[in-house]
Amino acid sequence: MGNKAYYANRQLVNSSLISRSSKQIYRTLVRPVVTCGSELWTLTMEEERALAVFERKILRKIYGPVIENELWRIRRKGELEVIIKGENIVRFIKWQRI
């Protein structure tokens, strides 16, 4: 369902008319779809890892690659954590349970 929510809004994410700082699409449209009913989930480590991988995949598409030493590369996990300020999807799900 999260992939469907992302790809339905792909034109907004890929638009060059919208700045990266205003692309809150992930937090407002994709994350709620993915975490719908998550208060009742029992997450295993494998499911937590799969959710984190999904989140990083979407964030890399939104924020794009980085140029380093005249070469383009994808953003690393730590760089994405800084961008989202540590509010990853697994923490969000665990916070909702409380």
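Visitor: What makes a residue count as buried here?

Guide: Buried means a relative accessible area under 20%, while exposed means over 50%. In this predicted model, helix α6, residues 89-97, has Ile89, Val90 and Ile93 under that 20% cut-off, so they are called buried.

Visitor: How do you know that the buried residues of α6 line one face of the helix?

Guide: Look down the axis of α6: its buried residues fall within an arc of 105 degrees, so one face holds them. In general, an α-helix has 3.6 residues a turn, so residues three or four places apart point the same way.

Visitor: Which exposed residues sit on the face of α6 turned away from the buried side?

Guide: Arg91 and Trp95 are the exposed residues carried there. As for the buried residues of α6, what covers them includes α3 (25-34) and α4 (45-63).

Visitor: What makes up the contact of α3 with α4?

Guide: From α3 come Tyr26, Val30, Arg31 and Val34, and they meet Leu51, Phe54, Glu55, Ile58, Leu59 and Ile62 of α4. Eight of the residues in this contact are nonpolar, none is polar and two are charged. Arg and Glu count as charged, so Arg31 and Glu55 are the charged two.

Terms used:
Residues numbered from 1 in each chain as written. Predicted model: local features only at pLDDT ≥ 70, side-chain atom pairs only at ≥ 80, totals over all residues. Heavy atoms only, no water. Buried < 20%, exposed > 50% of the residue type's maximum accessible area, 1.4 Å probe, protein only. Helix = DSSP H or I, 4+ residues; strand = E, 2+ residues; numbered from the N terminus. Arc of directions from axis to C-beta. Contact = heavy atoms within 4.5 Å.
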